[in-house]
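Could you look over this model with me before we discuss it?

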Amino acid sequence: MNSRYSNRIGRKRTWLHLRGVPVASVILGSMLAPLMPVIAQTPLLPPFGLMMLIAWRVLRPDIWPLWIGVPLGLVDDLMNGQPVGSAVFLWTIVLLAFDFEGQRNLWRDYWHGWLLGSLAIGFALAGGWLAVHLSGHGGEIIQILPQFLYSVALFPFIVRICAALDKWRLP
């Protein structure tokens, strides 16, 4: 059998491979913004780690346990310089909201996932702004509007990346 699918048939995947690819993609997404050579007065780069987390949750609702927001949010806080605990709290709230919504609404489509992802990203960005503002830094909330718009526009692309990773990780 010498077809292009022969390397996918009957391959063995470990538990680390099945669970590690989503976690590693979120951690790499959290590391992406601080490693980019962009200097800006206001936040411009989307929260790639959060977007990866939400994209995985939209694609595979059963992949994340509810407690995964704590360690992944802590990694994001440490990478991005947010006050420690802000992403831990916000990502956990986002996952709880997705779980609650998943129990209420059994059917979803592309537009529904994009709307939910946009609302979750907006909530997390506003919560991050509030955490920075309460610590005595930051400016007006209007400063995060370009970051929010970039995030909403890039969200379908992030979902496509997660779908390609999901296709690769599953046997």
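1. The model is a predicted one, in which local features need pLDDT of at least 70 and side-chain atom pairs count only at pLDDT 80 or more, while totals for chains, interfaces and linings use all residues. Residues are numbered from 1 along each chain as its sequence is written, and side-chain values use heavy atoms, with hydrogens and water left out.

2. Taking a salt bridge as a side-chain nitrogen of Lys or Arg within 4 Å of a carboxyl oxygen of Asp or Glu, the count comes to two. In one of them the side chains of Arg60 and Asp166 meet at 2.7 Å, N to O; this pair links distant parts of the chain, since Arg60 sits in the loop between helix 2 (48-59) and helix 3 (69-80) and Asp166 in helix 6 (residues 145-169), 106 residues apart. Helices here are DSSP runs (H or I, at least four residues), numbered from the N terminus.

3. Asp166 also forms a salt bridge with Arg169, at 2.9 Å from N to O, and these two residues both lie in helix 6, three residues apart, or about one turn of the helix.

4. How accessible are Arg60 and Asp166? With buried meaning under 20% relative accessible area, exposed over 50% and partly exposed in between (1.4 Å probe, protein chains only), Arg60 counts as partly exposed because its relative accessibility is 30%, whereas Asp166, at 9%, counts as buried. Arg169 is buried as well.

5. Helix 2 is mostly covered, with 11 of its 12 residues buried, among them Trp56 and Arg57. What covers these buried residues includes helix 1 (15-35), helix 3, helix 4 (86-104), helix 5 (110-134) and helix 6, where contact means heavy atoms within 4.5 Å.

6. The largest pocket is lined by 36 residues, of which Pro43, Leu45, Asn80, Gln82 and Gln147 lie nearest its centre. A pocket here is an open set of points on a 1 Å grid over the protein atoms alone, where a 1.4 Å probe fits, with protein on both sides within 12 Å along at least five of seven lines, and lining residues have an atom within 4 Å of a point. Helix 5 gives the most to this lining, with five residues.
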